[in-house]
Amino acid sequence: MLRLDKMLAHMGYGTRNEIKKLMRRGAVTVDGETVKSPELKVDPEASRVFVGAELVRYREFIYLMMNKPAGVVSAVRDEAQETVVDLLERAYRIFHPFPVGRLDKDTEGLLFLTNDGQLGHRLLSPKKQVDKIYIAEITEPVGESDVAAFAEGIPLDDGICLPAGLRIPGEDPRRAEVTLREGRYHQVKRMFQSRGKEVLYLKRVAMGGVPLDESLNPGEYRELTPEELRILS
Ligand code: URA
């Protein structure tokens, strides 16, 4: 059971004070009765709460996948730059979602956003070694020695990387698929740099066994399906 004003505040209907005023005006009904007491306890799953003509569909958590475009930062807010959360419509922003991990400003592709701290933590915990798959376009062709070096563990200035997968998924040896089980700063770019190659374009295509929905254009997002959420949980 949850206090009515708390539930409505969580759902973005205003501050507790604003909600109190709404209720005094008779704008809020619970199971058909006008309610004026903000401290009334309701069952958020079962009670039918209306604000005006709008049925309040309560839920605690939201889970989104975004095809992050280049040019926005993976943060909740930023003084100067557009963030991935700025791209969300208000109906989702009211849940205070955060991006699960970071992609560089110029990296595109799969980014989960949620307000479920536990799921975020599970996906990012170094202990879980969640798989992240990237497509990288690079300046030089990838060779067998690069594949072996990635599998061995590339030494970087912050320590040796965990063994990583590297393969060429198509015809072009300058277009590589990289599988990481960790997430260090600029990791893919630095791994290629250590092999004398520059990354020109980077896109994450899967994380934790869930692939990017390729029907999402850069900047678009959708809620995760129950099956995707099951895979991640
Ligand atoms: N590795 C990088 O270098 N950049 C990213 O955005 C993600 C992984």
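The legends below describe close-up views of the ligand and its surroundings in a predicted model.

**View 1. The shell of residues around the ligand.**
In this predicted model, the ligand is surrounded by Leu103, Asp104, Thr107, Tyr134, His186, Gln187, Val188, Lys189 and Leu202. Sorted by class, this shell contains 4 nonpolar, 3 polar and 2 charged residues. Helix 6, which spans residues 187-193, supplies the largest share of the shell, namely 3 residues.

**View 2. Polar atoms facing the ligand.**
In the side chain of Asp104, an N or O atom lies 2.7 Å from a nitrogen atom of the ligand. A polar backbone atom of Val188 is 3.0 Å from a nitrogen atom of the ligand, while an oxygen atom of the ligand lies 3.3 Å from a backbone N or O atom of Gln187. Taken alone, the ligand would expose 240 Å², and the protein buries 96% of that area.

**View 3. The pocket that holds the ligand.**
The space taken by the ligand is the largest pocket, and among the residues that surround the ligand are Tyr134, His186 and Leu202.

**View 4. The ligand and the domains of the protein.**
The domain assignment divides the protein into domain 1 (2-55), domain 2 (63-126 + 210-232) and domain 3 (132-207). The ligand lies between domain 2 and domain 3, because both of these domains give residues to the shell around it.

Definitions and conventions:
Residues are numbered from 1 along each chain as its sequence is written. This is a predicted model: local features need pLDDT of at least 70, side-chain atom pairs count only at pLDDT 80 or more; totals for chains, interfaces and linings use all residues. Side-chain values use heavy atoms; hydrogens and water are left out. A residue is near a molecule or strand if one of its heavy atoms lies within 4 Å of it. A polar contact is a pair of N or O atoms within 3.5 Å; within protein, one must be able to donate a hydrogen and the other to accept it, and residues adjacent in sequence count only if both atoms are side-chain atoms. Accessible areas come from the Shrake-Rupley method with a 1.4 Å probe; for residues, only the protein chains shown count as cover. On a 1 Å grid over the protein atoms alone, a cavity is a set of points where a 1.4 Å probe fits but cannot get out, and a pocket is an open set with protein on both sides within 12 Å along at least five of seven lines; lining residues have an atom within 4 Å of a point. A molecule sits in a cavity or pocket if more than half of its atoms lie within 2 Å of its grid points. Helices (H or I, at least four residues) and strands (E, at least two) are DSSP runs, numbered from the N terminus. Ala, Val, Leu, Ile, Met, Phe, Trp, Tyr, Cys and Pro count as nonpolar, Asp, Glu, Lys and Arg as charged, and the others, Gly among them, as polar. Domain bounds come from an automatic or database domain assignment.
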